[in-house]
Amino acid sequence: MTTVKEKEMIQEQFKERMNEDELLNCMRCGFCLPACPTYIESGYKESHSPRGRIALMKAVVDGLIEPDEDFERSLNLCLGCVACETVCPSGVNYGHLLEEARDIVSQNKKYSLPTRIVRKTVFDGLFPHPNRMKNVTGLIGFYQRSGIQSIARKIGFLGILPDHLALMEKALPKVATMKELKNRPVHVEPIGKQTHRVAFFSGCLMDSMFMKTNDATIKLLQLAGCEIVIPEDQTCCGALHGHYGEKSGSKDLAKRNIKAFEDLNVDFIITNAGGCGAFLLGYDHMLKDDPEWSQRAKDFTEKIQDVSEILVAVDFHKKVKLELPAQIITYQDSCHLRNVMKTASAPRILLQSIKGADYTEMKDADRCCGSAGIYNIIESEMSMKMLDYKMTQAKNTHAATIVTANPGCLLQMKVGIEKEGLAEKMRGVHIVDLLLEAVKN
């Protein structure tokens, strides 16, 4: 429970740090309401809408309400999908307001000891350190390959976990060996005539838990004629820090990444995870008031591009034969890839070019699946409501393959497939894995 002193400190920080002009830009028109998943799934509760949350932020700034538990709950229940920004006629930067508000609350309240330990471990001890991420992933790989996983499942040990976590355990990809995790490329030559020199943002989870997808991305870029540089000193994008009230940590990670990429003389910095790409694209805003880093951040963000965009730009789908066994495929948008990076058509162009695959658009493909980083862990009830809706739409397409462009979305859709008992009929796959599977020599 937030103390009186903590509430006073939070309120003072809201007055000092919240952009009041941005808060006033919201005209309360309501265009955001039908775009907001939490507003819909909460039974149209105003405080769980973008318009309602902005009104609450403004009321805290004006001293009309206290930043109490209900206020914090409203902020925490937001997915941060920023679908509201795409329909806002005033161009309100809701995502920036949300991150600032969460940071103020987080930095001015005292968490319980267990929560402090978890946050310290995750935000300071794990994600900023790629080698530690790989070591932890290696333990998961040992669990999968040693037989412990099979035994745990047979004896029903997973039954002690909440249902959504037990399903997530089943949805985890097969992890690479420690030798593979440690032996990563730093420079890769193009196949055929060179089209671009690019840098690849390999990420933390992507280059550990989803290493095979990174390998597929590199292979596709090679086939597209790209010379690829993968800087060893890059680190986590900082999205988890930024979304969950650790803004100073995300700034530190941003500076490390800018420094790692800025002298590589590349045309683009390529990402294959919508959440990471969107956060990287926000470095210029995050560092806009830092005279040493503002221009460097802007130069960095101007080069960010999703892998699907560069593949379409070089006509990869026209130059390389893509073919799969006859099947229906559908696509689930990554919220941040679509809403922040503005990439929606490129993945569909690539998927529709695969011979043998019948592409069927899913209803509300642009609506959040409920993953949202670790939202599906800390807000499981709301997350599962969104997933249930998403799986209804996916089943209506009769697709055998659900394609995504973000690791969190991929895990969430795999959880949905397990939850619906469809593992024998349906699969979830990252778009680059499917494209590489479709490449015919």
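1. How much space lies in the second largest cavity? In this predicted model, that cavity holds about 70 Å³ of space, where a cavity is a set of points on a 1 Å grid over the protein atoms alone at which a 1.4 Å probe fits but cannot get out, and a volume is the space filled by probe spheres set on the points, which are joined across faces, edges and corners.

2. As to conventions, residues are numbered from 1 along each chain as its sequence is written. Because the model is predicted, local features need pLDDT of at least 70 and side-chain atom pairs count only at pLDDT 80 or more, while totals for chains, interfaces and linings use all residues.

3. The largest share, three residues, comes from H4.

4. The second largest cavity is lined by 14 residues, with Cys36, Pro50, Cys78, Cys81 and Val82 nearest its centre. Helix H3 (37–41), H4 and H6 each supply at least two residues of this lining.

5. By class, the lining of the largest cavity has twelve nonpolar, three polar and three charged residues, whereas that of the second largest cavity has eleven nonpolar, two polar and one charged. Here Ala, Val, Leu, Ile, Met, Phe, Trp, Tyr, Cys and Pro count as nonpolar, Asp, Glu, Lys and Arg as charged, and the others, Gly among them, as polar.

Key. Side-chain values use heavy atoms; hydrogens and water are left out. Helices (H or I, at least four residues) and strands (E, at least two) are DSSP runs, numbered from the N terminus. On a 1 Å grid over the protein atoms alone, a cavity is a set of points where a 1.4 Å probe fits but cannot get out, and a pocket is an open set with protein on both sides within 12 Å along at least five of seven lines; lining residues have an atom within 4 Å of a point.
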